[in-house]
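Biologist: I would like to learn how to read a model like this one, feature by feature. Could we begin with the general idea each time and then turn to the case itself?

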Amino acid sequence: KKSKDRDKGKKRKHLRQKRDESPSSSEEDSKKRSLCYSFNLLDAADPQIWISSCDGPPSNNNIVSSYFLQESEPELSQAEKQKQSLQEVRRSLPIFPYRQDLLAAIRDHQILVIEGETGSGKTTQIPQYLLEDVQYKLSGTRMKIGCTQPRRVAAMSVAARVAQEMSVKLGNEVGYSIRFEDCTSERTILKYMTDGMLLREFLTEPDLASYSVIIIDEAHERTLHTDILFGLIKDIARFRPDLKVLVASATLDTERFSCFFDDAPVFRIPGRRFPVDIYYTKAPEADYLEACVVSVLQIHVTQPAGDVLVFLTGQEEIEACCELLQERCRRLGSKISELIVLPIYANLPSDMQAKIFNPTPPGARKVVVATNIAETSLTIDGIIYVIDPGFCKQKSYNARTGMESLIVTPCSRASANQRAGRAGRVAAGKCFRLYTAWAFKHEMEETSIPEIQRTNLGNVVLLLKSLGINDLIHFDFMDPPPHETLVLALEQLYALGALNHLGELTKLGRRMAELPVDPMLSKMILASEHYKCSEEILTVAAMLSVNNSIFYRPKDKVVHADNARMNFVVPGGDHIVLLNVYTQSGYSTQWCFENFIQFRSMKRARDVRDQLEGLMDRIEVELSSCSGESVPIRKAVTAGYFYHTARLSKGGYKTVKHQQTVFVHPNSSLFEEQPRWMIYHELVFTTKEFMRQVIEIESGWLLEVAPHYYKNKELEDSSSKKMPRKQGKAREELG
Ligand code: CDP
Ligand code: MG
């Protein structure tokens, strides 16, 4: 692995040199000042003893949103005022002066790479410029403009913003499309969508004939789907000279995009960035969550006005941080001014997400606690302070074992600099890095590894096969995936029955590709037909897709919440428990509240289920029910997830194929039970490899659903007794 990393390092060297020649202001600052900032000295409970460790006189940053500068014109109606001020904001964006040049460049070139600082207006403005452009209007074809986003949240919020700027109703002229949610109509001419959705559109429209412009936005994120889009779009651009392709990126890696797209010109939008002072800790932080909380409070008490942005790795951490902050603020009461604490992460319901964009009332301070969604995809006005613990959650994939897991890892230097940059959008800002300057220099990677090189490719391989692309080895990848990952994906699809021994798509494979879910989940749904339990399996699939956010577990009511959860436990395992929750749930918020179930997640599960049910017709699966009987349901799950089998043996659970040690997640209904054979939905690495969402199975089922994959011998039971419990410790470790 080391030598591979070295190779990667070499490849990136030329980029690094480039960057070294023109260090961003934040990097420069960090070198110059290398200040120390110690958080541990502070006692959050007693603001009296807090000392400002930041030197220099506090500048009074005046951050009044331009939305509210219209009050002196009483003759205008509220709506008109808002519209006018929105137009002013539009004209004040860094991209605005380049409008004509940009349009000219787009006219002159088929493919254009557009580089600009986050917040300069690429995502919201470029499509509007095109729509307002005379030439575009003259062409009169009413073909669509499509703009991809790696994240659902960004697609939704940006579409909402642009609809507002254009004074149209969201879903009419401007809409968005994300998995399981289509907010577009016949009238839609500007469509924001996730990169995964555009990829799926190739299935129904291989040349994207209804689009005149495709904007691949946030290209620097290098998500798997974006990378695949690069190859496909480059290909169709050759035989569709009328199609305009814009590749938009933050100021990262643009040379590489240009190079990939046959030296397409790069249009640079000069940034408008204020200097950001970088502070490091003296020593590594043992508990970065606590350090975040203390830092926020310290900023709140000692620093001039300005909102705070905190980067954490995921929903659980973010919720914990928000709760801690709120609790401490409550304790401090009127000793401090108002602190508005707002979370933002992908699974957060959209009405909650929208709150982060509300301007902060005078006298208060807003703290947004975010995943790296706020690194480049979302721009929140008014941020002056950034707190960066230096971690992110990353998918990692072991191509030997086929195990995919989410791991909290140090973020890259490029990420850290993006994060710091968020503090300098409206005025000079400060970024507090909760790690040492040494760690920044020596422990962090220069840039992140593209997702395509660290993920399971099953999904995209199935998709590419359905598009008739058979030779995947020679597909035009910007960075090719590791050979073994590709081979494993083919093997897995073969084992699932989606490909035949020649690597060609089977009828089953074609049906699987129709569903916008992972191959294993697809297979599970298709297998439910055979086991006459498709009604139940659709529910299970929908509940699994809302991703661990069904049960509400507030810190101050952990016991009540856990008891409520226990009430749903039925034999068989977590999938059956989820089904039970869904079946029992009324449509009332009251019911959800009383049972510690997240109402919004349930609502979303219902939406997802409706969508999936709507697709059953297309893949010719007849709806049938087994009246909740658990064996057929578990067999259908096994038919999709037989790869994810673990067996109880000495020392705990081991995966069957690769003898990897794995643990039942303490939140599982089977945590105490320890059945001999289990199937897990996913692995999550926190303190160790935990299996999340597990069901009990019988080994014989494996031979029934995957005779070509499992051999009788592998499934022989050597042990005769149940293993002693060894998991109490795991629960402690998780807290
Ligand atoms: O794509 P890029 O990062 O270059 O910028 P953008 O997303 O087009 O954002 C331009 C401006 O629109 C931001 O600075 C925000 O002021 C505003 N915006 C907003 O208020 N609400 C959103 N949901 C998105 C953008
Ligand atoms: Mg953008």
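Modeller: Two strands are said to pair if DSSP finds at least two bridges between them, and the elements themselves are DSSP runs numbered from the N terminus, helices being H or I of at least four residues and strands E of at least two. This is a predicted model, in which local features need pLDDT of at least 70 and side-chain atom pairs count only at pLDDT 80 or more, while totals for chains, interfaces and linings use all residues. Residues are numbered from 1 along each chain as its sequence is written, and chains are lettered from A and ligands numbered from 1 in the order in which they are written.

Biologist: How many helices and strands does the protein chain have, and what share of its residues is buried?

Modeller: The protein chain has 28 helices and 22 strands. A residue is buried if 20 or more other C-beta atoms, placed from the backbone, lie within 10 Å of its own, exposed if 12 or fewer do, and partly exposed in between; by that count, buried residues make up 44% of the 735 residues.

Biologist: Which strands pair with strand 11, and is strand 11 largely enclosed or open?

Modeller: Strand 11 (residues 307–311) runs parallel to strand 14 (residues 383–388), to which four bridges join it, and parallel to strand 13 (residues 365–370), again through four bridges. Valine 310 has isoleucine 387 of strand 14 as its bridge partner, whereas leucine 309 stands opposite valine 368 in strand 13. In a regular strand the side chains alternate between the two faces of the sheet. Here both faces are covered, with Asp307, Leu309 and Phe311 buried on one side and Val308 and Val310 buried on the other. Strand 11 is largely enclosed by the rest of the structure, because five of its five residues are buried.

Biologist: What is the strand order in the open sheet of eight strands, and why is one side of strand 5 left without a neighbour in the sheet?

Modeller: The order is 5-4-6-3-7-8-2-9, with mixed pairing. Strand 5 (181–183) and strand 9 (266–269) stand at the edges and have a single partner strand each, so one side of each lacks a neighbour in the sheet. Axes are lines fitted to C-alpha atoms, for helices over the stretch in contact, and angles run from 0 to 180 degrees between N-to-C directions; with direction ignored, neighbouring strands of this sheet are turned by 20° against each other on average. The partner of strand 5 is strand 4 (residues 174–178), antiparallel to it and joined by three bridges, one of the bridge pairs being tyrosine 176 with cysteine 183.

Biologist: Which residues come nearest to ligand 1, and which helix gives the most to its shell?

Modeller: A residue is near a molecule if its C-beta atom, placed from the backbone, lies within 6 Å of it. Of the 16 residues around ligand 1, Gly119, Lys122, Thr123, Thr124 and Arg161 come nearest. Helix 5 (122–132) and helix 7 (152–165) each supply at least two residues of the shell, and helix 5 gives the most, with four.

Biologist: Which two strands form a hairpin with glycine 402 in the turn?

Modeller: Strand 15 and strand 16 do, with four residues between them, and glycine 402 has a positive phi of about 75°. Eight bridges join strand 15 (residues 391–398) to the antiparallel strand 16 (residues 403–410), and phenylalanine 391 has proline 410 as its bridge partner.
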